[in-house]
10 protein chains.
Amino acid sequence: MTDMTREDVTAMILTAKRQAGLTWEGIAEAIGMSPVWTHSAAMGMNAMPSDKAEALTAHLALPQEAALVLQESPTKVWTQAVPTDPCIYRLYEIVGVYGPTIKALIHEKFGDGIMSAIDFDMQISRVENPKGDRVKIEMSGKYLSYNAW
Amino acid sequence: MTDMTREDVTAMILTAKRQAGLTWEGIAEAIGMSPVWTHSAAMGMNAMPSDKAEALTAHLALPQEAALVLQESPTKVWTQAVPTDPCIYRLYEIVGVYGPTIKALIHEKFGDGIMSAIDFDMQISRVENPKGDRVKIEMSGKYLSYNAW
Amino acid sequence: MTDMTREDVTAMILTAKRQAGLTWEGIAEAIGMSPVWTHSAAMGMNAMPSDKAEALTAHLALPQEAALVLQESPTKVWTQAVPTDPCIYRLYEIVGVYGPTIKALIHEKFGDGIMSAIDFDMQISRVENPKGDRVKIEMSGKYLSYNAW
Amino acid sequence: MTDMTREDVTAMILTAKRQAGLTWEGIAEAIGMSPVWTHSAAMGMNAMPSDKAEALTAHLALPQEAALVLQESPTKVWTQAVPTDPCIYRLYEIVGVYGPTIKALIHEKFGDGIMSAIDFDMQISRVENPKGDRVKIEMSGKYLSYNAW
Amino acid sequence: MTDMTREDVTAMILTAKRQAGLTWEGIAEAIGMSPVWTHSAAMGMNAMPSDKAEALTAHLALPQEAALVLQESPTKVWTQAVPTDPCIYRLYEIVGVYGPTIKALIHEKFGDGIMSAIDFDMQISRVENPKGDRVKIEMSGKYLSYNAW
Amino acid sequence: MTDMTREDVTAMILTAKRQAGLTWEGIAEAIGMSPVWTHSAAMGMNAMPSDKAEALTAHLALPQEAALVLQESPTKVWTQAVPTDPCIYRLYEIVGVYGPTIKALIHEKFGDGIMSAIDFDMQISRVENPKGDRVKIEMSGKYLSYNAW
Amino acid sequence: MTDMTREDVTAMILTAKRQAGLTWEGIAEAIGMSPVWTHSAAMGMNAMPSDKAEALTAHLALPQEAALVLQESPTKVWTQAVPTDPCIYRLYEIVGVYGPTIKALIHEKFGDGIMSAIDFDMQISRVENPKGDRVKIEMSGKYLSYNAW
Amino acid sequence: MTDMTREDVTAMILTAKRQAGLTWEGIAEAIGMSPVWTHSAAMGMNAMPSDKAEALTAHLALPQEAALVLQESPTKVWTQAVPTDPCIYRLYEIVGVYGPTIKALIHEKFGDGIMSAIDFDMQISRVENPKGDRVKIEMSGKYLSYNAW
Amino acid sequence: MTDMTREDVTAMILTAKRQAGLTWEGIAEAIGMSPVWTHSAAMGMNAMPSDKAEALTAHLALPQEAALVLQESPTKVWTQAVPTDPCIYRLYEIVGVYGPTIKALIHEKFGDGIMSAIDFDMQISRVENPKGDRVKIEMSGKYLSYNAW
Amino acid sequence: MTDMTREDVTAMILTAKRQAGLTWEGIAEAIGMSPVWTHSAAMGMNAMPSDKAEALTAHLALPQEAALVLQESPTKVWTQAVPTDPCIYRLYEIVGVYGPTIKALIHEKFGDGIMSAIDFDMQISRVENPKGDRVKIEMSGKYLSYNAW
C-alpha cells in the first residue's frame with residue numbers, strides 16, 4: 001500500500017501540463033472553473049469538489065487515486081513570512097503600503113468588519129494600454145461584520 | 001523655526017476630518033482624486049503633487065506649511081512583517097495563498113515579469129449581494145518585463 | 001483642540017473601574033453586554049455600537065468625547081508573536097498542540113472551511129470541581145466554507 | 001532491528017483510516033475516548049495509556065509495535081510560531097485579540113493564576129443556526145493559583 | 001487623579017532599598033517571605049497577598065497606594081527571547097542543553113507530564129567549596145499529569 | 001570505511017535501552033554516574049571520559065567504535081530559541097520570570113559574577129507531597145567573578 | 001517520464017564548466033550575452049529566451065530538455081535575510097549604509113519614484129589602480145515614477 | 001552644558017537645506033565633495049574630516065559645535081533587516097538576486113576575496129533614454145584578498 | 001530624591017571626556033586600569049570596584065553619587081543580534097567564520113571545555129606594518145572544563 | 001561523472017584525521033601553515049592555494065580531485081545568527097559586551113575605520129597559569145580607513 005501525497009499530485013499535474021503543452025487557462029476551461037481557482041487547487045491551496053477533481057484527473061490522464069487526494073482539505077503553508085520572488089513581493093508591498101487604506105475604506109463603506117479571504121474569489125486579466133499593457137487583479141470577498149455579544 | 005513632520009500633518013488631517021464630519025470619499029472628491037490614493041497620501045504613503053497638496057490644505061483649513069510637507073517623498077515604513085489587524089491580515093493571507101497563482105498566471109499571459117507596485121492604482125467598492133454584500137478590490141499595475149542583456 | 005486617543009480612553013476606564021471598585025462582570029451587566037466583549041472593547045480590541053459606548057461612558061462618568069472614540073474601528077495590534085505572560089501563553093500552547101486537531105474535526109463535521117474569528121463570541125466561566133475548580137472557555141464562530149469559482 | 005517512529009505510526013493511522021473510510025469520531029468511539037484527544041494522540045501530541053493504545057492498534061489492524069510507540073511521551077513540536085493555515089491562524093488570532101481579556105476575567109473570577117493546558121480537555125461540536133451553522137469549541141482546564149513562598 | 005503603575009512601584013522599592021542600604025534577604029525577612037519570591041514580586045513578576053503588600057509598603061515607607069498596586073495580577077513580560085546578560089544567559093543555556101534530559105527524567109519518575117511553573121518555588125544559596133564557592137539553585141514544582149478524556 | 005556519527009550512537013543507545021527495558025537511572029548506576037549527566041551525554045550534549053564511554057558501550061552491548069564517538073567534544077545545538085514542548089517550555093518560562101531575580105540574589109550573595117553552566121551539575125528527584133508529588137531540580141554551578149584588568 | 005529541475009540544470013552547467021575549464025566570461029561571449037546576466041540565468045535567477053537557452057545548451061553539450069527548463073520563469077528565492085558570506089554581506093552593508101542616500105538623490109534628480117530592479121542591467125569590471133585594483137559595479141535601472149490617481 | 005547629538009545635527013542640516021531651498025548636489029559642490037558622500041555624512045553614516053565639517057557648518061550657518069559632532073565616528077545603525085521603502089527594497093532585492101553572481105565574477109576576475117565597503121565610493125546619475133530615463137549607480141571598492149597564514 | 005541611572009553616568013562621562021579633550025587611554029592610565037576595561041565599565045558593561053569608581057569620578061569631576069552607580073552590577077544588554085556597524089560586524093563575522101575552528105583547537109589543546117568570557121581580559125594595540133598598520137586584539141580567558149558527575 | 005563537494009572533502013579530512021590519529025597542529029605543520037587557517041580551510045571557510053591543497057591531499061592520502069575542490073572559493077555560511085554551542089557562544093558574547101569598546105579604541109588609535117576580517121590572521125595558544133591555564137586568542141587585521149570622496 002503506497003500513499004499518494006498532495007505534493008505527488010501537484011508534480012504529476014505540472015508534468016502532464018508541460019508535456020501536453022497545456023495552459024492554466026485551457027485546463028480551467030476544460031473543468032469549467034476559473035484559472036485562479038484551478039491553479040491554486042492544483043498547487044494544494046484549495047480542495048476540489050469531487051466532480052472537478054475527477055474532471056481534472058480525466059483531462060490530464062492522472063491515476064484515479066489523484067482525484068481522492070485533490071478532494072482533501074489541504075493544510076495551507078507558506079514558509080517565507082516576507083516573500084523573496086519579485087512578482088510575489090510586489091503584492092506583499094501593496095499590502096504593506098495600502099493595507100491601512102483598504103481597512104479605512106472598508107470601515108467607511110461597510111462599518112467595523114473585514115473582507116473575507118474564505119468566501120472569496122479573484123480574477124486576473126491583461127488590459128491593453130498604449131503606454132504598456134497592465135495586469136488587472138480583481139478580488140471579491142464577502143464583508144464580515146464584527147459581532148457584539 | 002519649528003519643523004512640521006509628516007506625522008504632524010497626518011494627525012492634523014485626521015483631526016480636521018473627524019471634527020468636520022468628513023469622509024475619505026468626500027475629501028477625495030474635493031481634491032479630484034480617488035479615495036484610495038487620497039487616504040494613502042494623507043497617511044504618508046504617497047507624495048502629493050503641489051496642486052493636490054494645496055487643494056487638500058485649503059479644503060481642511062490646514063496651515064500653509066502642511067502643503068509643503070505633503071509634497072515630500074515619504075519613506076514608506078511598516079513595522080509588522082506579518083500584520084496583526086484582522087482586516088489587513090486577510091490581505092496578507094491572500095498573498096500567501098494566491099501569490100504563486102498570480103505569478104503563474106502573469107507569466108502565462110505576459111511572459112517573464114511582474115505587475116508594478118509603483119505604476120499602480122487601486123479601487124475599492126461595495127457590491128450588493130443578496131447573500132451578503134461584498135468588498136471588491138481592483139488593482140491595476142503596469143506589466144514590467146525582465147531585462148536580458 | 002486636543003485629541004483623545006484609544007489609549008487615553010482605556011486608561012480612563014481602568015482608573016474609573018479601580019477607583020469605584022467595579023468588576024468587569026458588573027460593568028458588562030450595566031451596559032447589557034457580555035463580560036468578554038465588554039473588556040475587549042474597553043481594551044480597544046472591538047468597536048462599540050453608539051448606545052453601548054454611551055452607556056459605558058455614563059456608567060463610568062467619562063467625558064462625552066470618550067463615547068465617540070469607543071465607536072471607532074480600532075487597529076488590533078499585539079506585539080508579541082509568542083506571548084510571554086503564562087496565562088496567555090497557555091492559550092497559545094493550546095493552539096500549537098491542538099490546532100491541527102481542531103482543523104481536522106472542523107473538516108470532518110463541516111467540510112473544507114474554517115471557524116470565523118469575526119462572527120464570533122466567547123464566554124468564560126468558573127466550574128466547581130472537588131479536585132480543583134476549572135476554567136471553562138466556550139467559543140462559538142460561524143462556519144465559513146471555502147469558495148470555488 | 002528496525003525502529004518504528006512516532007511519524008511512522010501517525011502515517012499508518014492516516015492510511016488505515018483513509019482506506020477503511022473511517023472518521024475520527026468513529027475511531028474515538030471505538031476506543032472509548034473523545035475525538036479531540038484521539039486525534040491529538042494519533043498525531044503524536046499526546047501519549048496513550050496502554051489499553052487505549054492497544055484498542056487503537058487492534059481497531060486499525062496496525063502492527064503490535066505501534067502500541068508501544070503510542071504510549072511513549074512525545075516531544076510536542078510545532079514549527080510555525082505564527083501558523084499560516086487559515087483555520088489554525090484564526091485560533092491564533094483569537095489568542096492575540098482576546099488573550100488579555102481571558103486573563104483579566106480569570107483573575108476576576110479566581111485570583112492570580114492561570115488555566116492549565118495540561119490538566120485540560122476540549123470538545124468541538126456543530127451547532128445548527130438558521131444564519132449559518134456554527135463551530136463550538138469548549139475548553140476546560142484546571143485553575144492553577146500562583147504560589148507565594 | 002494620578003495613577004501609580006507597577007513600574008512606578010518597582011522604582012520606588014529600588015530607590016528606598018538603595019537609600020536605606022537594605023538587602024533583598026533583609027526585606028524578605030521583614031515581610032516573612034523568601035528572598036526569591038520577594039524580589040520577583042517587587043519586580044512585578046508576582047502579585048502580593050494584601051498582608052505582604054502592606055508589610056512591604058510599611059517596611060519601606062512607601063505611599064499607601066503602592067500596596068494596592070502590588071496586589072494586582074501583573075502581566076509578565078520579557079522582551080529578549082534569548083537573554084543577553086551573561087548571568088541570565090547561562091540559565092537559558094542550561095535549559096537548551098539539559099531541557100530534554102529534565103523532560104526524560106520527569107517522564108521516567110512520574111509518567112507523561114510536566115513540572116508546574118505556577119505551583120512552584122525556588123531557593124538560591126551559597127555553598128562554600130575549597131575549589132571556589134558554588135551557587136545552588138533549588139526549584140520545586142508540582143508534577144502535573146497530562147489529561148486523557 | 002564507514003563513519004559512525006553522534007546521532008547514530010544516540011539512536012543505538014535509545015534502541016538498546018528500549019529493547020532491554022532499562023531506565024536512565026539504571027544505566028547511570030551501571031556506569032557509576034548521575035542520571036542527568038548520563039542522559040545528556042547519551043544525547044550528545046556532553047562528552048564522556050574514556051572509562052565511562054567504555055562502561056556504557058559494554059553495558060548496552062554497543063559496537064566498540066561507539067566508545068570513541070562518545071568521547072568526542074560534541075557541538076551543542078538546539079534549534080528552537082523558544083522551546084515548544086510544554087515540559088521544556090516551563091523551564092524557559094522560569095528563566096524569563098525569575099532570571100532577573102536569580103541575577104540579583106547572586107550579586108547580593110557573591111558580588112558581580114555568574115553561576116557557571118560549565119563547572120555545573122544537576123539532580124532531579126521526586127518529592128512526595130500529600131497535595132500532589134513535586135519535581136525537585138537542584139542545580140549547582142561554580143561562582144565566577146568578573147575580572148577587572 | 002523523469003523531470004529535469006532548475007537545480008539539475010544548474011548542477012549540469014557547473015559541472016560542464018569545471019570539466020571544460022571554461023569561464024563565465026567565455027560562456028557569456030559564446031552565447032552573446034553579458035557575464036552577469038549569463039551567470040544569473042544559469043543559477044536560476046533569470047529566464048532565458050529560447051535562442052539563448054539553446055545556444056547555452058549546445059555550447060556546454062547539455063541534454064536538449066535543459067533548454068526548455070532554462071526558459072521557464074524561475075521563482076527567485078534566497079534563504080538568508082542577512083547574507084553571511086563576506087563578499088555578499090558587503091553589498092548588503094552598502095544597502096544599509098547608503099540606501100537612504102540613494103533614495104534621496106533619486107528623488108532629487110527624478111522626483112518621487114524608484115530605480116527598477118526588473119528593467120535593470122549590471123556590469124562588473126576590474127579597474128587597475130596602483131594602490132590596489134578595484135572592483136567596479138555599474139547598475140542601470142529604469143526610473144519608475146509613482147502613480148497618482 | 002548641553003550636548004549636541006548626531007541626530008540634532010542631521011535635523012539642523014535638513015531644516016537649513018529646506019529653508020534655503022538647497023539641493024544635495026549644491027551642498028556637495030559647496031564643500032567640494034560628492035553628493036553621495038555628503039548626504040551620507042549629513043545623515044550620520046560617515047565621519048567628516050575637519051575642513052569639510054567646517055565648510056558644511058559655514059555653508060549652512062550651523063552652530064560651531066556642529067562641526068565637532070560631524071567629525072566623530074558614528075555608529076552605523078539600520079533597524080530594518082529587510083527595508084520596507086520600495087526605493088531601498090529594490091536595492092536589497094538586487095543583492096538577493098545578483099549577490100551570488102557578483103561573488104562569482106569577482107572570484108573569476110580577481111581570485112578569492114571581496115570588494116571593500118570601506119575603501120569604497122559611489123556615484124549616482126541620470127541617464128537620458130528615449131524609452132524612459134534610467135538611474136545609473138556606479139560603485140567602486142578596493143579588492144581585498146583573503147589572507148592565508 | 002532623584003535617581004541617577006547608569007545611562008546618566010555614561011552620558012556624563014562622555015561629555016566630560018569630550019569637553020576636557022581626554023582619551024580613553026589617558027583616563028585608563030589615570031585610574032590605573034586598562035583602556036578596554038575602563039571603556040567597557042564606563043559604558044555600563046562592567047561594574048567598578050569602589051576605589052576605581054572613586055578615582056574615575058574624581059578624575060572627571062563627576063558628582064559623588066556617580067561613584068555608587070558605577071559599582072552596581074549592570075544588566076548587560078545589546079539589542080542587535082547581528083550588529084550593523086561595520087567595525088563591530090567584522091568581529092561578528094570572525095565568530096561566524098572562525099568559531100568552529102577556535103572550538104576545535106581549544107578541544108585539541110585543553111580537552112572538552114571553553115574559554116571563559118567572565119574570567120577574561122583583552123588588549124587592543126596598533127602594530128606598525130609597511131603594507132598598512134594592523135589592529136591587534138589579544139583575548140585571554142580562563143579555560144573551564146566541563147564537569148562530569 | 002560524479003562531483004565531489006566541499007562537504008565530501010571536509011568529511012574525508014575528518015575521517016582520515018581520526019583514523020590516522022592526527023592533530024590539527026600536526027596537519028598544519030605538515031603543510032607549513034598555521035593550525036587556525038588549516039582547520040578553517042578544511043571546514044570550507046577558506047580556499048587553499050594549489051600547493052597547500054596538494055600538500056594536504058598528499059598528507060592525508062585523499063583522492064586527487066579533492067585538491068581541486070579545496071582551491072575553490074567557498075560560500076561562507078553559518079545558520080545560527082546566535083550560536084548555541086557554549087564554546088562559540090562565549091565569543092559571540094564577547095562581541096556583544098566588548099564590541100563598542102573595540103570600536104572606540106580603534107577610532108582612538110587609528111581614526112575612523114575598521115579592522116579587516118579579510119586581510120586577517122589569528123593564533124590560539126595555551127598559557128600556563130597557577131590559577132588555571134588560560135586560552136589566548138590573538139587576532140590581527142589590517143586597519144582600513146573609511147574613504148571620503
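**Exercise 1. How many residue pairs are in polar contact across the interface of chain B and chain A?**

Step 1. Start with the rule: a polar contact is a pair of N or O atoms within 3.5 Å; within protein, one atom must be able to donate a hydrogen and the other to accept it, and residues adjacent in sequence count only if both atoms are side-chain atoms.

Step 2. Applied across the interface of chain B and chain A, the rule finds 30 residue pairs, with both residues at pLDDT 80 or more.

Step 3. Now see which elements build chain B's side. Helix H2 (24-31), helix H3 (35-42), helix H6 (86-110), strand E1 (113-127) and strand E2 (134-145) of chain B each supply at least two residues of the side that touches chain A. Helices (H or I, at least four residues) and strands (E, at least two) are DSSP runs, numbered from the N terminus.

Step 4. H6(B) gives the most to this side, with 24 residues.

Step 5. Sorted by type, the residues of the side of chain B that touches chain A are 35 nonpolar, 13 polar and 18 charged. Here Ala, Val, Leu, Ile, Met, Phe, Trp, Tyr, Cys and Pro count as nonpolar, Asp, Glu, Lys and Arg as charged, and the others, Gly among them, as polar.

A word on the model before going on: this is a predicted model, in which local features need pLDDT of at least 70 and side-chain atom pairs count only at pLDDT 80 or more, while totals for chains, interfaces and linings use all residues. Residues are numbered from 1 along each chain as its sequence is written, chains are lettered from A and ligands numbered from 1 in the order in which they are written, and side-chain values use heavy atoms, with hydrogens and water left out.

**Exercise 2. What area is buried between chain B and chain A?**

Step 1. Buried area is the accessible area (1.4 Å probe) that two parts lose on being put together, summed over both.

Step 2. For chain B and chain A the value is about 6600 Å², and carbon and sulfur atoms give 67% of this area.

Step 3. The contact (heavy atoms within 4.5 Å) takes 66 residues from chain B and 66 residues from chain A.

Step 4. Strands also meet here: 9 bridges join strand E2 (residues 134-145) of chain A to E2(B), and the two run antiparallel. Two strands pair if DSSP finds at least two bridges between them. To find one bridge yourself, go to A:Gly141, whose partner in E2(B) is B:Val135.

**Exercise 3. How many salt bridges are there between chain B and chain A?**

Step 1. A salt bridge is a side-chain nitrogen of Lys or Arg within 4 Å of a carboxyl oxygen of Asp or Glu. Side chains of opposite charge can pair when their charged atoms come close.

Step 2. Between chain B and chain A the count is 10 salt bridges, and over all chains it comes to 80.

Step 3. For an example, look at B:Lys103 and A:Asp85, where the closest N and O atoms are 2.9 Å apart.

Step 4. There is also a network of salt bridges, which links A:Asp119, A:Asp121 and B:Arg134.

**Exercise 4. Is C:Asp133 buried or exposed?**

Step 1. Buried means under 20% relative accessible area, exposed over 50%, and partly exposed in between (1.4 Å probe, protein chains only).

Step 2. C:Asp133 has a relative accessible area of 19%, so this residue is buried.

Step 3. Its salt-bridge partner is C:Arg126, at 3.0 Å from N to O. C:Arg126 counts as partly exposed because its relative accessibility is 40%.

Step 4. I:Arg18 lies in helix H1 (residues 6-20) of chain I, and H:Glu72 in the loop between helix H5 (64-71) and helix H6 (86-110) of chain H. I:Arg18 is partly exposed at 37%, and H:Glu72 is partly exposed at 31%.

**Exercise 5. What is the phi of F:Ala61?**

Step 1. Most residues other than glycine have a negative phi.

Step 2. F:Ala61 has a positive phi, near 55°.

Step 3. F:Ala61 lies in the loop between helix H4 (50-60) and helix H5 (64-71) of chain F. With 66% relative accessibility, F:Ala61 counts as exposed.

**Exercise 6. Which residue is the bridge partner of H:Ser125 in E2(H)?**

Step 1. Strand E1 (residues 113-127) and strand E2 (residues 134-145) of chain H run antiparallel, joined by 11 bridges.

Step 2. The partner of H:Ser125 in E2(H) is H:Lys136.

Step 3. The hairpin of E1(H) and E2(H) has 6 residues between the strands, and in this hairpin H:Gly132 takes a positive phi near 125°.
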